[in-house]
Amino acid sequence: QVQLVESGGGLVQAGGSLRLSCAASGRTFSEYGLGWFRRAPGKQREFVASISRSGTYTYYSDSVKGRFTISRDNAQSTVYLQMNLLKPEDTAVYSCAATPRVGWGVVTGPMYDYDYWGQGTQVTVSS
């Protein structure tokens, strides 16, 4: 089992940047494929990005592609989400998720059913 704790959220103006972190504890971090999701008020949870266990392969939703970058540091047991050119519509609670059920070089798609979830961190983008 793994525990996930997000940090780095906050209030930023449109066009600004934030970097979210998700620190993991428990089992070996490199055993997990990882993803970031978000939930805006009154909306369903939305896939943002995912990364393979190796860190080599990534996948992004069309809404963030070119603006957000997912990365991981297996030695630090942390996954990051660098968010640039933020827009008001990026306002949401951002959560990270993990699964041990994928291979080393596999990146999960947006509909994948993750096993573990963090509590989330609020990101608010003002216009």
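**View 1. The side chain of E6 meets the backbone of G120 and Q119.** In this predicted model, the side chain of E6 lies 2.8 Å from the backbone nitrogen of G120. The backbone nitrogen of Q119 is also reached by the E6 side chain, at 3.1 Å. E6 itself sits in strand β1, which spans residues 2-7.

**View 2. E6 is a buried charge without a salt bridge.** Is E6 buried or exposed? E6 counts as buried because its relative accessible area is 9%, and the cut-off is under 20%. E6 has no salt bridge. The nearest side chain of opposite charge belongs to R45, 9.7 Å away.

View 3. E6 and S95 are 89 residues apart along the chain. Their C-alpha atoms are separated by 6.8 Å. Leaving aside neighbours within four places in sequence, E6 is in contact with S21, C22, W36, Y94, S95, C96, G118, Q119, G120 and T121.

**View 4. The largest nonpolar core holds 29 residues.** Which members touch the most other members of this core? They are W36, V79, L81, M83 and Y94. Eight named strands each supply at least two core residues: β1, β3 (18-26), β4 (33-39), β5 (46-51), β7 (68-73), β8 (78-83), β9 (92-99) and β11 (121-126). W36 and Y94 are also among the contacts of E6.

**View 5. R72 is a buried charge in strand β7.** R72 has no salt bridge. What is the nearest side chain of opposite charge? It is that of D73, 8.2 Å away.

**View 6. The side chain of R72 reaches F29 and N74.** The backbone oxygen of F29 lies 3.0 Å from the R72 side chain. A polar contact at 2.7 Å joins the side chains of R72 and N74.

**View 7. R72 touches residues from several stretches of the chain.** Residues up to four places away in sequence are not counted here. The contacts of R72 include F29, S30, Y32, G33 and L34. I51, S52, R53 and G55 also touch R72. So do T78 and V79. V79 is one of the core residues that touch the most other members.

Technical notes. Residues are numbered from 1 along each chain as its sequence is written. This is a predicted model: local features need pLDDT of at least 70, side-chain atom pairs count only at pLDDT 80 or more; totals for chains, interfaces and linings use all residues. Side-chain values use heavy atoms; hydrogens and water are left out. Helices (H or I, at least four residues) and strands (E, at least two) are DSSP runs, numbered from the N terminus. Buried means under 20% relative accessible area, exposed over 50%, partly exposed in between (1.4 Å probe, protein chains only). Lys and Arg count as positive and Asp and Glu as negative; His and the chain ends are not counted. A salt bridge is a side-chain nitrogen of Lys or Arg within 4 Å of a carboxyl oxygen of Asp or Glu. A polar contact is a pair of N or O atoms within 3.5 Å; within protein, one must be able to donate a hydrogen and the other to accept it, and residues adjacent in sequence count only if both atoms are side-chain atoms. Contact means heavy atoms within 4.5 Å. A nonpolar core is a set of buried Ala, Val, Leu, Ile, Met, Phe, Trp, Tyr and Cys residues joined through side-chain atoms within 4.5 Å.
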